[in-house]
Amino acid sequence: MFAELSELLGDSVERPQQGKLTLLGATKTDASFLVHHFLSFYLKAGCKVCFVAFLQSFSHYNIVAQKLGLGLTTAKERGQLVFLEGLKVARDVLFSKRQESAEPHPFQFISGDGSNLRGLHDFVRTALSPAVGGDSWKCPVLIVDDLSVLLSLGVKPTDVLDFVHYCRVTVNSLLKGNAVVMVRGSDDSEDEENELLAKALRYQSSRILWAEGLATGFCKDVHGQLTIVCRSSWEEKAERELQQVYQYKIQDRNVSFFARGMSVAVL
Amino acid sequence: MAALATGELTPSERVPTSFQRKVPGGGGSRLAILPGTRPSVRHGQLLLSSGLPSLDCVLGGGLAVGTLLLIEEDTYGIYSSLLFKHFLAEGIVCGHNLFIASAKEEPADILKELPSPFLNTSVSAMEEEEAAMKGKQESMKIAWRYQNIQTLEVTQNTSSKFGHYFDLSKPLASELIQNIGCHGFFLSEETALCPDMNSCNMASGYSRLLHSIQKVIYQEGFDGSIPQKAQRNILRIGIQSLGSVLWGDDICCNENPQNIHSLTRFLYVLRGLLRTSLSACIITIPSHLIQNKAIMERVTNLSDTVVGLESFIGSERETNPLYKDYHGLIHIRQIPRLNSFNCNVSDMKDLAFRLRRKLFVIERLHLPPDLSDTVSRTSKQDLAESTKLLSSGCSAMAIGKKHLDF
């Protein structure tokens, strides 16, 4: 978790906001550091987290989390984190001998038999719904790393949007928790389905963090530009600006944010 | 006394002293003993050489085990196939196992065309072979030794070195190839067999290839998740011209192909397979033939390292004196972020490749040196004059005419 970023967003570990959908986006750059931020932030805040990772393996996220001072393995053992590793599950679905189990597999859609994301949603719901005995975790959180991968796997954009909608109903409204989803997209992209997805998600989300590479190309000291759009209710609006733009530099264990053109290298 | 004894012991049995050095591969990780690999300083992952030390350097030290290198082919596929062969040849020299998949050529034929390594290690000696006559005796001895010794010995001798230079003019010795575990996948041969093929709505060629790779990984013990006692090795997977028409895919002929998702789905599952196994994969893909650019964007996102080649053959740059030292440009499109949220991007962005008489190298692109007036080289003078013409603009029309008037 990057303290600077949570300060910019006005989040605090003691009292995380509830019922919000946060959209993370990336244009021509890699914004995975945002995912790592939110994962470690919510784990530190004591929320119950369900992390659906399509892009990378568990060990990758675990090692990065260790750099940020968190052990995902222990969080998993304590029952705080439910981790679905897409790469592994997809492989298992394809190469397993087909045993017809009663409940649909969360990754059944990858086999291309026309099934939708209902299995995945059921997985999220059971993972996040409070246990019968009652556990001590704060609000539940769903984190999805890169919804755009679903499109590559042959899921229709409307199905992805349905999935997000159902997750919002379950997580945001019923369980009073948060959802963080990530997409990629750019203005000059020819991937129309992905653009549709990104646009629809921008419309729904209450907070958008969009990272872009610099328009002028690669720079050693400024890795990109982060636009934060907070859609707050009207009484809060007076306090804060709606849209903030910062530039960032990714360091080994931290990301530093600064106002545009205020990089240490420039000054 | 104790220090002498430690030389014979395996690292794990080493006598604990207060002055122990942290040796890579000495402590916890058993993987680092694998030939032809070295652990990355940055993210702790094992690295393999791509077969071109200059490319390794650009990619941050090499390819990590369990990742995918995607090569976007140049227009005629000449230089991409060179990269492909270097990757496989490096595997043979290091004693790795190979898996070669192609729809165009027989894997056995590809093996025959692999370049042979320069076994004398210094690059400068290799560049000026004639000058390095005094070292000839030793290098001859080394070469002679390699021919007679068992392959195991060869791998141990060469494994200390990471990344070799290859001589394109000589084919790899067939004795080296014979001792390597090699699996071939030739699509038109495979079409006869294979049972349930519609398991995943992909073009059938991809599905067959996946099952074949999965079988090799699990049966030959490259699976990283199952602990094994036996000697482990690296599997190098090479897939040639993936996505071309020969694979039974229509993304090259149609803007809205029937199975638009089959290539991306294949890549996703392949990546899942690679991540948990001791293997690395190189794929060449004819990206300029793929009609729907959205597919290429998705393919890039699903692979780890992406390198694009752009050759000058047939383009006007071929005759441009500015590029006369090079055969094409190389674009590093993507470098993976492994075990960190920070990737090591090199400062060099303008890279070019060049095919010398024997050697394929990637260099930093630079303009030819500016020649002084005393040097008389015709092409340079022409160039200089034409730039003078350009800069003088409209007022110099009369002078310009003089040049055009013949």
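## How much is buried

Buried area is the accessible area, taken with a 1.4 Å probe, that two parts lose on being put together, summed over both. For chain A and chain B that comes to about 3,500 Å², and carbon and sulfur atoms give 56% of it.

A quick word on what you're looking at: this is a predicted model, where local features need pLDDT of at least 70, side-chain atom pairs count only at pLDDT 80 or more, and totals for chains, interfaces and linings use all residues. Residues are numbered from 1 along each chain as its sequence is written, chains are lettered from A and ligands numbered from 1 in the order in which they are written, and side-chain values use heavy atoms, leaving out hydrogens and water.

## Who touches whom

Contact here means heavy atoms within 4.5 Å. By that rule, chain A brings 44 residues and chain B brings 35 residues.

There are three salt bridges between the two chains, each one a side-chain nitrogen of Lys or Arg within 4 Å of a carboxyl oxygen of Asp or Glu. A:Asp191 pairs up with B:Arg298 in this way, with their closest N and O atoms 2.8 Å apart.

## Chain A's side

Helices are DSSP runs of H or I with at least four residues, numbered from the N terminus. On the side of chain A that touches chain B, the elements giving two or more residues are H2 (32-44), H3 (58-67), H5 (86-95) and H7 (148-152). H5(A) gives the most, with six residues.

Sorted by class, that side has 19 nonpolar, 14 polar and 11 charged residues. Nonpolar covers Ala, Val, Leu, Ile, Met, Phe, Trp, Tyr, Cys and Pro; charged covers Asp, Glu, Lys and Arg; the others, Gly among them, are polar.

## A crossing between chains

H5(A) packs against helix H10 (residues 204-219) of chain B at about 105 degrees, with axes 12 Å apart. Axes are lines fitted to C-alpha atoms, for helices over the stretch in contact, and angles run from 0 to 180 degrees between N-to-C directions. So H5(A) is roughly perpendicular to H10(B), the term for 65 to 115 degrees.

A:Arg91, A:Leu94 and A:Phe95 meet B:Leu210, B:His211, B:Gln214 and B:Tyr218 here.

## H10(B) and its partner in chain B

H10(B) also packs with helix H11 (residues 262-275) of chain B, their axes coming within 10 Å and crossing at roughly 5 degrees. These two helices are therefore roughly parallel, meaning an angle under 35 degrees. The residues of this contact divide into 11 nonpolar, two polar and no charged.

Technical notes:
Angles under 35 degrees count as roughly parallel, over 145 as roughly antiparallel, 65 to 115 as roughly perpendicular and the rest as oblique.
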